[in-house]
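The entries follow the order in which I made them.

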Amino acid sequence: MEEHAPRFNLSIVSSDVEVGGARLSAEYALSDEEIAIAHWWVLINCEEVKYWKELHLNFPEVDGDLEYHNMTFANYFRTWMDMIKSDDNPNWSHELLLLAMQPQRARVYPTCIVNGVKFVSEERDSRRRTQNSGVMAKGHGLDYYGVLHSVVELVYAEGMKVHLFKCRWFDTGAQSMKMDQYGNLSVNTATSAYEDDPFVFATSVKQVFYLDDLARGDAWKIANIVHPRNIYRAATLGVTIPGPEADAYQEPNALGIHDVATVRQNNVKHGRVLRIRDEDSTFIDVDPNEETDDDSDDELRHRLPDINSDTEEDSSDDSDYEP
């Protein structure tokens, strides 16, 4: 991050976003039409522009026509910002003037760290063992699931930057999203939707980890929202960030996958042997049919007999193990 980067007083400009990796090739570059769509999306979703949006919608020639509003608002907004910049209007600001002038260029990157969480584009993620490309954005009464296509940095005058995610969204129809009796949401990742509306603010998405849906198979994935824990901004700790390539800090096991109890129930139900990672990263095999010794609360509840012993350990508790 630049040490003396200018700060802009707009809700859509965040210092918690750091782009990373070499810029993507020309095939990922935004066309002029895509830049115009991205700029329009920024305008209609910027809280500080809300006053001007409502003013434009109530114009007699607009009269609440959303299609006409979407087509003409950007030009009206630019004209207004130029006209009233010296009128001391409380709804005018220098940052809004910069925003109205449209982006000077658009840069595209493969990775991004947002509030300490690392996102990676789908294409780059496909070559890794980890998974960081899943995204979810909340809408009005509907959650949108997809994968990150690329990180877009819109650069306005004076270096003001707005960061967007360009996403490949999955279909949200009833035939493409299923909820099971346990509350697990399964998404058909072979579908796509909202191709004309791919953008979302980088700071408004949550990361999703997609697991194979063994019941439905094929392209169906169970969507798990990632809930990072113990993530801190470097600025609050007095730590100098070495650069955008540095990995974000996360505690181990921070992914929002099923809790251990749920995994244990599913594994026992299907006759699988569960492997649980303890705090020392030692793997312990748990056999659901093994009898247990519950004499000590300080020891692990489920243990295998000593593999180096020639005799089996005598169990003092004949109660069956119930997961």
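**Backbone entries**

I located Gln102 in the loop between helix H4 (94-100) and strand E2 (105-109); helices (H or I, at least four residues) and strands (E, at least two) are DSSP runs, numbered from the N terminus. The model is predicted, so I kept local features to pLDDT of at least 70 and side-chain atom pairs to pLDDT 80 or more, while totals for chains, interfaces and linings use all residues. Residues are numbered from 1 along each chain as its sequence is written, and side-chain values use heavy atoms, with hydrogens and water left out.

I read a phi near 70 degrees for Gln102, a positive value in a residue other than glycine. Most residues other than glycine have a negative phi. Gln102 is partly exposed at 36% relative accessibility (buried means under 20% relative accessible area, exposed over 50%, partly exposed in between; 1.4 Å probe, protein chains only).

I found a positive phi also at Tyr194, near 55 degrees. Tyr194 sits in the loop between E9 and E10 and is partly exposed, with a relative accessible area of 33%.

**Surface charge**

I noted that Glu195 belongs to that loop too, between strand E9 (185-188) and strand E10 (199-201). Glu195 is exposed at 55% relative accessible area. With Glu33, Asp196 and Asp197, Glu195 forms a patch of negative charge on the surface (patch residues have over 30% relative accessible area and no salt bridge, and like charges are joined within 9 Å).

**Helix H1**

I checked the span of H1 (residues 32-44): its 13 residues reach 19 Å from first C-alpha to last, close to the 18 Å expected at 1.5 Å a residue (the expected span is 1.5 Å times one less than the number of residues). Among the buried residues of H1 are Ile35, Trp41 and Leu43.

**Salt bridges**

I searched the whole structure and recorded 8 salt bridges (a side-chain nitrogen of Lys or Arg within 4 Å of a carboxyl oxygen of Asp or Glu).

I examined Asp82 and Arg78, paired at 3.3 Å, N to O. Both lie in helix H3 (residues 66-83), 4 residues apart, about one turn of the helix.

I then turned to Glu153 and Arg107, whose side chains meet at 3.2 Å, N to O. Glu153 lies in strand E6 (residues 143-155) and Arg107 in strand E2, so the pair ties together parts 46 residues apart in sequence. Both Glu153 and Arg107 are buried.

Lys221 is partly exposed at 22% relative accessible area, whereas Asp212 is exposed at 51%.

Note on methods: Patches are made of residues with over 30% relative accessible area and no salt bridge: like charges are joined within 9 Å, nonpolar side chains (Val, Leu, Ile, Met, Phe, Trp, Tyr) within 5 Å. Accessible areas come from the Shrake-Rupley method with a 1.4 Å probe; for residues, only the protein chains shown count as cover. Lys and Arg count as positive and Asp and Glu as negative; His and the chain ends are not counted. The place of a charge is taken as NZ of Lys, CZ of Arg, CG of Asp or CD of Glu.
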